[in-house]
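Subject: Structure for your files

Dear colleague,

Here is the structure I said I would pass on.

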Amino acid sequence: MYSFFHYYWLLVTSILLFFIIGVLVRYALRLKKVFSVSAKDIFMNCFVGLNFCVALFSLICTRGITVNWFIVIIAFLYYFQTRKQSNYTSLSTNAGINTRGLLYYIIVFIFFTLSLYSFYYFFSYSAETNSFRPIEIDNYFHAQLSEYLKRGYENTYFTLNLTGDANVLSPYHYYEIWLSSLLSTIPGGITLFTYTVVVPVIGLTMILFGFLAVIEIHRKIVWYIPILLLPVVLLSDLAIILHDYFPWIYYPTRLGGIINATKQTYLAVFFMGGVLFYLEKNWRALFYSQMILLAVTTMSVPVVCGVTGSILFVYMIKNKTFLWSYTLPFVFLVFCYGLYTFICMRNGNLPMGIDREIPWYKLRMLITIPLAQILKYFPYLFLMIFLNHRVVRSFIYENKFAIVAFIVFPVLFSVVMRSVHPDADQFISCVYPAFFCVIIPSSILFLWTNKPIFTVMQKIVFSIVYVSMLVVSWATNFYIMERNVLPISLERLNYEKSVIDSVVLDRMNNVGVYSPSYVYKPSENIMSYYGAYTTYLDAVRNEIVYWQINKSDHNMFGRIPYEIELEKNENCAFEEDDFRLAFMETKNIEYFFAWNDELPSENFLKHFDIISSDPQSGEMLFKRK
């Protein structure tokens, strides 16, 4: 079920497929000389191939009703504007492939993928107990969502889609979930395991090749560089230390946040692409690569709309010119995204926000957020200034408006949206770590490789700071991961195995859940969200559908199918227990979960037998007699 080699084979073949498709697409569109061997071309080919596959797969599954039309439109705009400026080189004039360089990058590729994959695999899976625990409980939700994406539903309404009561679209971070859905079409795998172990490693491998590409700008990569570079994806900030002294510093926010959150990994992939385009001064590619973020995640809206718009505005004011070739696509794409959001919310249920009103007093974060970033990333800032303070000062001066916009807009969006959405803080907590985990290592690598000579003292200082932060980073990441993956008792493990044997071996696709209140049980890996449930059964079986079989007291995201059906039959003379039995029969629900502190009536339970129960959590599994 959790074969090490099966999923590693899936990982390697997926990346190779993206690479080959990227080569073919770039060659077909005459965008670039294809057969050069470099870290940058490896990254770019995978980047193009990944976007092509995600966009094509989502268009097929949803029959065109997907946010990933943005990828197609942006690709067309980029090709249309650059087709006459192409630096294409035909195959006949290519000097050939450097076999030695190709072999070197194959070895590096195997080293990166095998190391990262082993890290994720052995941290999430216990061979001793044959149990699987994702680093984040949100992974259960995202894996379930990827199953619905395959069915053509690009929204977060789960079972409402199956009853025809869901809005067609809803904004979310679908990009990496579509990737998981694509990979799970290969037989023999578990979607939850694929999302947790394979999907993040694909993104991190691309980021590492992006870092190698930064080094290649000024230096030739020697054999030991990938070994030193691998731990960079774990580099963390000082939040774990500073939080005890400054409670207003977000915790946990860490530079290695992409290790613990797959949705941040693909934000970082696009930021990595932006860094490479910036360094080669390919402004049009930089512009469009960041505009694609609108399709990647809703959390990127402040960066794409606010920061990009501010940069264009300031440039036009300073140079007294109108950049039609940038401004018109920008306005068009932002308008399209606004229209997409309107369609999403037109018939959908707006969630309840964190605050009932806009908490304007939280605009103090315009001061505390920049201060927190300086404190958290101080060792890295010190290294950058230490390596070349003139370049750092020049960069800050030249990009001061972009830096201010990068602070103002995410904070402003976060404050305003707190009255609308419970995850509004992710405009900051999701975007900033993903950005800094790319921009800081890239800056240090660029400054380090650009410096011709190091004194002995400089080498010692650099090594001390790097090793110290590496120790802090490993401690931070392992602490966070250990905290998120709660230990499981033997009693709980035996209970879960008995449930798995009952439901999975019985090939039941529909499972009921009786829970009037909001459920979030990380220790038991059960949660409800958007009226949808996920459980540990997803770790061993795909395509299980969870139906709530009672009215809910927690209506953050509106009504559930059970309540809708109940309202339609409110004029009928019957008890709710009878309706519940009829509802379960209609949905082919033979099993259901409940908890001993909130059980259905005895009149209802007489139709069921208790299959198994967990004395610690009070969780119980019932089966129809």
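The model is predicted, so local features need pLDDT of at least 70 and side-chain atom pairs count only at pLDDT 80 or more, while totals for chains, interfaces and linings use all residues. Residues are numbered from 1 along each chain as its sequence is written, and side-chain values use heavy atoms, with hydrogens and water left out.

The sheet

Five strands form an open, mixed sheet in the order β7-β3-β8-β10-β9. Strands here are DSSP runs of E with at least two residues, helices are runs of H or I with at least four, and both are numbered from the N terminus; two strands pair if DSSP finds at least two bridges between them. The edge strands, each pairing on one side only, are β7 (545–548) and β9 (608–613). From one strand to the next the twist averages 30°.

Strand β3 (residues 510–513) runs parallel to β7, with four bridges, and parallel to β8, with three. V511 has Y546 as its bridge partner in β7 and stands opposite Y591 in β8. Y591 in turn stands opposite K623 in β10; β8 and β10 (residues 619–624) run antiparallel and are joined by five bridges.

The helices

Helices α12 (residues 262–279) and α13 (residues 283–291) have axes that come within 8 Å and cross at roughly 170°. Axes are lines fitted to C-alpha atoms over the stretch in contact, with angles from 0 to 180 degrees between N-to-C directions. The crossing makes α12 roughly antiparallel to α13 (over 145 degrees; under 35 is roughly parallel, 65 to 115 roughly perpendicular, the rest oblique). Contact (heavy atoms within 4.5 Å) involves F270, F271, G274, F277 and Y278 of α12 and W283, A285, L286, S289 and Q290 of α13.

N51 lies in helix α2 (residues 39–62) and counts as buried because its relative accessibility is 5%. Leaving out residues up to four places away in sequence, N51 touches I71, Y175, F270 and I292.

Helix α15 (residues 301–319) is followed by K320, with a positive phi near 50°. Buried residues of α15 include V301, C305, L312 and M316.

Regards

Conventions:
Buried < 20%, exposed > 50% of the residue type's maximum accessible area, 1.4 Å probe, protein only.
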